[in-house]
Amino acid sequence: MREIDLHIHTNISDGSASPEEAVQYAARLGLKAIAITDHDTVNGAARAIMAGHDCGVEVVTGLELGCGWYGREVHMLAYDIKPEEESLRRTLEDIVEDRDARNEKMAAVMTADGLVIDLDELKKEHPDSIIGRPHFALCLVRAGFAENVQDAFRRYLDPGGKYYIRRKFLTVEKAAELIRGAGGKAVLAHPMQYKLSDEGMTELLERARDAGVSGMECYYSGYTPEMSAELLKLADKYGFCPTAGSDWHGLHKPHIEMGSGINGELSAPYSLLENLRAHK
Ligand code: AMP
Ligand code: FE
Ligand code: FE
Ligand code: ZN
């Protein structure tokens with residue numbers, strides 16, 4: 001039953017579709033509910049909810065936060081959060097401030113390298129967006145430095161790349177606390193993306209459980225049935241509700257389809273959302 005997609009980005013972060021377009025697209029696909037999980041911002045939620053009323057799609061107010069993990073980054077998804085909650089609001093403001101400083105550094109390095117980046121222009125081009133590496137990737141593609149967004153990351157923007165500048169991250173514990181404090185449920189995003197050893201995965205899941213994380217994204221674009229089965233076993237072991245999300249970014253990741261993933265591997269029933277909501 002393909003009823004929900006709990007991991008969707010709009011142009012309020014680094015997707016290509018507006019919140020309204022994303023919701024209308026979900027309606028056309030026949031989805032019952034979607035979660036808008038933009039990076040570090042809830043600014044698209046209200047618009048998406050309004051659009052959802054018009055086309056009969058339930059919109060979950062969500063968010064995706066980056067957390068530091070031994071020099072790398074893991075992602076925490078949030079669901080059913082209250083956007084106006086004070087400490088969440090303040091933390092998101094801090095993150096955006098840190099991003100602005102990092103964007104200036106990235107623009108300076110790229111400009112010194114002969115690819116002139118005018119941040120004011122970039123902001124004008126994406127007026128509602130939280131600007132991040134994906135937007136720089138688009139500049140690299142446009143200037144002929146890379147073939148496409150993926151290629152731009154591989155050549156320049158992935159950690160270790162020439163233009164990569166690390167930003168500040170929350171801890172897993174802090175992210176979970178913030179999400180719970182804002183009335184929401186925290187879910188560990190795409191656990192197979194972190195390429196952890198068995199011991200590393202155990203430590204991450206233990207810390208997530210102890211921090212009050214409720215769920216784990218067991219169904220994700222590109223995950224084979226075997227990968228999902230392994231994650232379901234782990235979710236069961238640690239008491240996490242399994243969730244499902246495509247990580248749709250619209251045209252910015254054109255190989256990923258909302259609701260169904262890369263090869264139709266996603267087909268999530270509404271009950272996953274109900275179970276998550278019922279989690280302690
Ligand atoms: P930032 O938060 O500015 O560091 O950018 C992170 C975002 O860039 C992620 O959420 C992804 O959407 C995108 N991203 C990260 N790595 C890659 C990659 N290798 N290929 C394509 N997109 C990526
Ligand atoms: Fe993204
Ligand atoms: Fe992510
Ligand atoms: Zn995402």
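## Ligand 1 contacts

A polar side-chain atom of His-39 sits 2.9 Å from an oxygen atom of ligand 1 in this predicted model. Arg-102 also places a polar side-chain atom 2.9 Å from a ligand 1 oxygen. For Arg-99, an N or O atom of the side chain is 2.6 Å from an oxygen atom of ligand 1. A polar contact here is a pair of N or O atoms within 3.5 Å; within protein, one must be able to donate a hydrogen and the other to accept it, and residues adjacent in sequence count only if both atoms are side-chain atoms. The protein covers 83% of the 500 Å² of accessible area that ligand 1 has on its own (Shrake-Rupley method, 1.4 Å probe).

Ligand 1 is surrounded by 13 residues (a heavy atom within 4 Å). Asp-14, His-39, Arg-99, Arg-102 and Arg-133 are the closest.

## Iron site

Which residues coordinate the iron ion (ligand 2)? Asp-14 (OD), His-39 (NE2) and His-249 (NE2) do, at 2.1 to 2.2 Å. Donors are N, O and S atoms within 2.8 Å of the metal (3.2 Å for Na, K and Ca); water is not among the atoms, so sites may look incomplete. The donor spacing in sequence is D-x24-H-x209-H. The iron ion (ligand 3) is 6.0 Å from the iron ion (ligand 2).

Asp-14 lies in the loop between strand 1 (4-8) and helix 1, and His-249 in the loop between strand 7 (241-245) and helix 10 (271-278), so the pair ties together parts that are 235 residues apart in sequence. Helices (H or I, at least four residues) and strands (E, at least two) are DSSP runs, numbered from the N terminus. Asp-14 is buried, at 8% relative accessibility. His-249 is buried too, at 2%. Buried means under 20% relative accessible area, exposed over 50%, partly exposed in between (1.4 Å probe, protein chains only).

## Helix 2

Helix 2 spans residues 45-55, with Ala-45, Ala-48, Ala-51 and Gly-52 buried. Down the helix axis these residues fall within an arc of 125°, so they line one face. The arc is taken from the directions from the axis to the C-beta atoms. On the other side, Ala-46, Met-50, His-53 and Asp-54 are exposed.

The buried residues pack against helix 1 (19-28), strand 2 (33-36) and strand 3 (58-69) (contact: heavy atoms within 4.5 Å). Gly-56 follows helix 2, with a positive phi near 75°.

## Basis

Residues are numbered from 1 along each chain as its sequence is written, while chains are lettered from A and ligands numbered from 1 in the order in which they are written. In this predicted model local features need pLDDT of at least 70, side-chain atom pairs count only at pLDDT 80 or more, and totals for chains, interfaces and linings use all residues; side-chain values use heavy atoms, with hydrogens and water left out.
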